[in-house]
Amino acid sequence: MLAVKDVYAGYGNIRVLKGISMNISQRQIVALIGANGAGKTTTLKAISGLVPLTTGEIIFDGVDISHKKAHKMIKLGISQVPEGRQVFPELSVLDNLILGGYSIKDKHTVSERIEDMFKKFPRLKERRRQAAGTLSGGEQQMVALARALISSPKLLLLDEPSMGLSPKLVDEVFAIIADLREQGITALLVEQNALMALSIANYAYVIQTGRIILEGPASDMIANEEVRRAYLAQ
């Protein structure tokens, strides 16, 4: 579904990604793990058009998206849950979800999908009139995830979904992500909690200073001594 080929990208004169390549198959959860500053978030931003590519190419579902603008990605089928959730704090939960469907012309379809999200996230239905900024961190993460799913994406980009959450809420959010795979969603998961990411992923890549240094089935990564020492040690 997604092929990232020898991509270099960064911010101004600062080169962050230094020739990364990866492939994501349909109905897979692929984890991208690495230390802070390794280039994980930049990889997601390069895929979603938020960071321009210097060289290389990105092919999504047979289409070259290497230089497409970020606002075009939703219609192509790519949706991102950003780091830090980034809900619209003064808007209600319902209005945040409506904005997730801004590219859908049929408002009845948007309403149906919002109702589906309320079934998936019952707490959001209870708080649908509440300002999103007054919710707990876990509830805001649910808003961000539901908002991204309103467009019914083919590929979901998840950036640090466990950040700032209690262990109980981390388990809950990861259970939701794992359930999405069973429903046919394909996801690229960037996550500091490497063990949690690998426990639900099919495949994984390790990024270090802008380069992919290791890849393989997630189960092999959990067993890999180098990975365990660097990323799984408690």
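Mentor: A helix here is a DSSP run of H or I with at least four residues. T43 is found in one such run, helix α1, residues 40-47. Keep in mind that this is a predicted model.

Trainee: Why does T43 count as buried?

Mentor: Buried means under 20% relative accessible area. T43 has 1% relative accessibility, so T43 counts as buried.

Trainee: What does T43 touch, beyond residues up to four places away in sequence?

Mentor: With those set aside, T43 touches L17, I20, M22, L32 and I207.

Trainee: What makes α1 mostly covered?

Mentor: The count does: 6 of the 8 residues in α1 are buried. They are K40, T42, T43, L44, A46 and I47. After α1 comes G49, with a positive phi near 85 degrees.

Trainee: Why does E57 count as partly exposed?

Mentor: Partly exposed lies between the two cut-offs, 20% and 50%. E57 has 28% relative accessibility, so E57 counts as partly exposed. Its place is strand β4, residues 53-60.

Trainee: Which residues does E57 contact, leaving aside neighbours within four places in sequence?

Mentor: E57 is in contact with A3, V4, K5, V7, D64 and S66. Take N23 as well: N23 and E57 are 34 residues apart along the chain, and their C-alpha atoms are separated by 12 Å.

Trainee: Why is α3 called roughly parallel to α6?

Mentor: Start with the angle. The axes of α3 (residues 93-100) and α6 (residues 137-149) cross at roughly 30 degrees. Angles under 35 degrees count as roughly parallel. That is why α3 is roughly parallel to α6. The axes also come within 7 Å, and α3 passes α6 in a right-handed crossing.

Trainee: Which residues meet there?

Mentor: From α3, V93, N96, L97 and G100 meet V143, A146 and R147 of α6. This contact divides into 4 nonpolar, 2 polar and 1 charged.

Trainee: What does L124 contact, neighbours within four places in sequence aside?

Mentor: L124 is in contact with V93, F118, E139, M142, V143 and A146. L124 is also among the residues with the most contacts inside the largest nonpolar core, which has 51 residues.

Trainee: What does the second core include?

Mentor: The second core is separate and has 28 residues, including A46, F60, I78 and Y205. A46 is one of the buried residues of α1.

How values were computed:
Residues numbered from 1 in each chain as written. Predicted model: local features only at pLDDT ≥ 70, side-chain atom pairs only at ≥ 80, totals over all residues. Heavy atoms only, no water. Core = buried A, V, L, I, M, F, W, Y, C linked by side-chain atoms within 4.5 Å. Buried < 20%, exposed > 50% of the residue type's maximum accessible area, 1.4 Å probe, protein only. Contact = heavy atoms within 4.5 Å. Axes fitted to C-alpha atoms, helices over the stretch in contact; angles between N-to-C directions. Helix = DSSP H or I, 4+ residues; strand = E, 2+ residues; numbered from the N terminus. Parallel < 35°, antiparallel > 145°, perpendicular 65-115°, else oblique. Left-handed = near helix turned anticlockwise from the far one by under 90°. Nonpolar A, V, L, I, M, F, W, Y, C, P; charged D, E, K, R; others polar.
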